[in-house]
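Below are my notes on the model you sent. Please read them alongside the structure.

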Amino acid sequence: SYMEQELRSQPDTWQEAARIGAAAGPLPKPGQRVAVVGCGTSWFMAQSYAALREGAGMGVTDPFAASEAFLGSDRGYDALVAITRSGTTTEVLRVLDAVKGRIPSVTIIGDPETPAVALSDETVALPFADEKSVVQTRFATTALTLLRAHLGADVSTAVREAHEALSAPVEQEWVDAEQFSFLGTGWTFGLANEAALKMREASQSWTESYPAMEYRHGPIAIAAPGRVTWLFGTAPQGLEADVARTGARFVCHARDPLADLVLVQRVALERARARGLDPDSPRSLTRSVML
Ligand code: F1P
């Protein structure tokens with residue numbers, strides 16, 4: 001499948017992104033107030049980038065689902081970043097139209113020849129990470145890798161551990177599980193949202209996602225034997241024991257969280273196969289969602 005080919009190429013496209021990320025001129029400068037928008041997977045990458053940029057002390061960075069962006073008020077943003085693989089997503093185009101003349105700098109991360117780019121000032125293109133599949137894998141993670149590199153992170157560990165995630169076993173318990181809850185904190189909350197979406201899109205799986213400590217405030221009520229609680233990053237104290245008491249399987253790997261997302265993409269693929277689904281033709285989805 002395209003999905004498998006594309007997800008397997010991620011370590012290479014990440015390496016390429018790391019090379020160009022540090023010098024990507026059109027991205028926001030330190031100190032600027034930034035809004036980041038996208039839909040679906042691209043929104044979740046916006047969430048991760050926003051947490052990373054604020055965490056790096058680069059300035060206020062607010063992520064929005066493009067459909068729910070700040071349009072009614074002027075919040076004084078210096079720059080807008082829109083993440084969009086297709087460059088044709090209706091809600092993204094509406095934001096770009098609405099901020100014209102109100103936000104001084106608008107940058108698209110995506111394809112260079114699209115309606116989105118026509119409505120923006122600058123583009124960061126990732127042609128080597130474009131995809132044929134409906135379900136996004138490498139475009140999103142490569143965009144986030146570029147952004148990590150631009151924020152000064154050394155992504156060589158992520159690249160190495162993505163290789164390792166591609167050869168790690170996909171456990172039968174994950175293929176058979178009835179339900180998954182994905183958890184994260186800070187920038188890995190966006191990855192948890194993305195992991196949950198990947199499993200829904202590719203394999204019709206029942207999944208949920210929460211900030212790690214929010215999970216204890218209600219959602220843990222559905223944790224039970226035969227279900228999986230999968231945490232990206234470092235486990236907050238006490239969480240593993242709480243999950244263990246429910247009988248759910250607790251999963252938390254000591255690898256770069258973005259590399260661990262690669263393993264979840266493989267779980268989604270294996271679950272699709274086990275159910276006789278074609279991951280390249282997800283139910284009710286199209287490659288770009290337009291009105
Ligand atoms: C984003 C998106 C995907 C989703 C589906 C439809 O599109 O919503 O996240 O998985 O494939 O498109 P884009 O704006 O990044 O092209």
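How do the residues of the shell around the ligand divide into nonpolar, polar and charged?

1. The shell holds six nonpolar, eight polar and three charged residues. Here Ala, Val, Leu, Ile, Met, Phe, Trp, Tyr, Cys and Pro count as nonpolar, Asp, Glu, Lys and Arg as charged, and the others, Gly among them, as polar. In total 17 residues surround the ligand, the closest being Gly40, Thr41, Thr84, Ser86 and Thr89; a residue is included if its C-beta atom, placed from the backbone, lies within 6 Å of the ligand.

2. A word on the basis. This is a predicted model, in which local features need pLDDT of at least 70 and side-chain atom pairs count only at pLDDT 80 or more, while totals for chains, interfaces and linings use all residues. Residues are numbered from 1 along each chain as its sequence is written.

3. Helix α3 (residues 41-55) packs with helix α6 (residues 138-150) at an angle of about 15°, their axes 10 Å apart. Helices are DSSP runs (H or I, at least four residues), numbered from the N terminus. Axes are lines fitted to C-alpha atoms over the stretch in contact, and angles run from 0 to 180 degrees between N-to-C directions. The two helices are therefore roughly parallel (angles under 35 degrees).

4. The contact of α3 with α6 involves Thr41, Ser42, Met45, Ser48, Tyr49 and Leu52 of α3, and Ala140, Ala143, Leu144, Leu147 and Arg148 of α6; contact requires C-beta atoms, placed from the backbone, within 7 Å. By class, these residues are seven nonpolar, three polar and one charged.

Conventions: Angles under 35 degrees count as roughly parallel, over 145 as roughly antiparallel, 65 to 115 as roughly perpendicular and the rest as oblique. Two residues are in contact if their C-beta atoms, placed from the backbone, lie within 7 Å.
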